[in-house]
Amino acid sequence: VPLALANAPTEISEAGHLAGNRLHNFPITFPFAIVNGQYRALEPEAFPLTGLSAATDINEEGQVLGWKGQIDPTTGQATRSVVVWGRDGVVATAPVQGATVDFDDFDRALLDAGAPGDPNTRATLWRIGQGTTDLGTLGGTWSRSTAMNLAGHVAGTSATTSGDEHAFLWRNGRMTDLGTLGGTTSEVGIPHGLS
């Protein structure tokens, strides 16, 4: 059994809860949380591996947003499920595949829906227990989310009809093009989550 190379924190909540990943032989990680000073492994650290998983964000309740992946040994096809871990394991699984971006205390998770390696991901808001909302695009084929505030407004980047990249703000069900500062492209930061 390989020894852990390091513990890599990914997020800390306002309440001081920590989410992270134990790094083994890259890209092998095992997600963990430290809630109220107590360490909790989110997935069994078992070998041989049957899949990969990672923690990306944690909320005030100590719930952890992340993903679990599987690779079909015969086809090499990868799948990735977005999950929320609670005290007793996975408490919710998103109805779409994707990369995780942000998580709040109102059971909302922000993700970029699409299979691993898909260039046409879509910024998506997952209301846990209620389903997902595709945030759309600025006329192009893809959009990526970056962050969400407490009001549920989302910032990100999308392809336009002309194929350029523009920053956007999504609120009240509408995506607004934030334009550029005179060039042809703009973007909103880099997502903090491990995608």
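Me: Which residue in β13 does G139 stand opposite?

Reply: Strands of a sheet pair through backbone hydrogen bonds, either parallel or antiparallel. Here G139 stands opposite T160 in β13. One caution before we go on: this is a predicted model.

Me: Which strand pairs with β13 over six bridges, and in which sense?

Reply: That partner is β12. The two pair in the antiparallel sense, and β13 covers residues 154–160.

Me: How many strands form the sheet that holds β12 and β13, and in what order?

Reply: Four strands form it, in the order β12-β13-β14-β15. The sheet is open and its pairing is antiparallel. At the edges stand β12 (139–148) and β15 (174–177). Each has a single partner strand, so one side of each lacks a neighbour in the sheet. From one strand to the next, the twist averages 30°.

Me: What is the order of the sheet that contains β1?

Reply: Read it as β1-β2-β3-β4. This is an open sheet of four strands, with antiparallel pairing. Its edge strands are β1 (6–12) and β4 (38–41), and each pairs on one side only. Neighbouring strands are turned against each other by 30° on average, direction ignored.

Me: How many bridges join β1 to β2, and which residue stands opposite P9?

Reply: Six bridges join them, and the two strands run antiparallel. Strand β2 spans residues 18–23. Opposite P9, look for G20 in β2.

Me: How do I read a hairpin? How many residues lie between β10 and β11?

Reply: Take the pairing, then the turn. Strand β10 (residues 122–127) pairs with strand β11 (residues 131–134) over four bridges, in the antiparallel sense. T124 stands opposite D134 in β11. The hairpin has three residues between its strands. In that turn, G129 has a positive phi of about 85°.

Me: Where does D107 lie, and what is its phi near?

Reply: D107 lies in the loop between β8 and β9 (108–113). Its phi is near 60°, a positive value in a residue other than glycine. D107 has 35% relative accessibility and is therefore partly exposed.

Me: Now side chains. Is E43 buried or exposed?

Reply: Compare the accessible area with the cut-off: buried means under 20%. E43 has a relative accessible area of 16%, so it is buried. Its place is the loop between β4 and β5 (52–58).

Me: Which side chains make polar contacts with the side chain of E43?

Reply: The contact between the side chains of E43 and K68 is 3.5 Å. With the side chain of W85, the polar contact is 2.9 Å. Setting aside neighbours within four places in sequence, E43 is in contact with P31, S53, K68, W85 and V90.

Me: What does the other end of the E43 contact look like? Where does K68 lie?

Reply: K68 lies in strand β6 (residues 64–71). Its relative accessibility is 29%, so K68 counts as partly exposed. Beyond neighbours within four places in sequence, its contacts include E43, L52, T79, R80 and W85.

Me: How far apart are K68 and Q97 in sequence and in space?

Reply: They are 29 residues apart in sequence. From C-alpha to C-alpha, K68 and Q97 are 9.8 Å apart. G89 is in strand β8 (residues 89–103). With a relative accessible area of 23%, G89 is partly exposed.

Me: What is the mean pLDDT of the protein, and where is the pLDDT below 50?

Reply: The mean pLDDT is 87, and 90% of the residues reach 70 or more. Over residues 191–195 the pLDDT is below 50. Beyond near neighbours in sequence, that stretch has 19 contacts in the model.

Technical notes:
Residues are numbered from 1 along each chain as its sequence is written. This is a predicted model: local features need pLDDT of at least 70, side-chain atom pairs count only at pLDDT 80 or more; totals for chains, interfaces and linings use all residues. Side-chain values use heavy atoms; hydrogens and water are left out. Two strands pair if DSSP finds at least two bridges between them. Axes are lines fitted to C-alpha atoms, for helices over the stretch in contact, and angles run from 0 to 180 degrees between N-to-C directions. Buried means under 20% relative accessible area, exposed over 50%, partly exposed in between (1.4 Å probe, protein chains only). A polar contact is a pair of N or O atoms within 3.5 Å; within protein, one must be able to donate a hydrogen and the other to accept it, and residues adjacent in sequence count only if both atoms are side-chain atoms. Contact means heavy atoms within 4.5 Å. pLDDT is the predictor's confidence in each residue, from 0 to 100.
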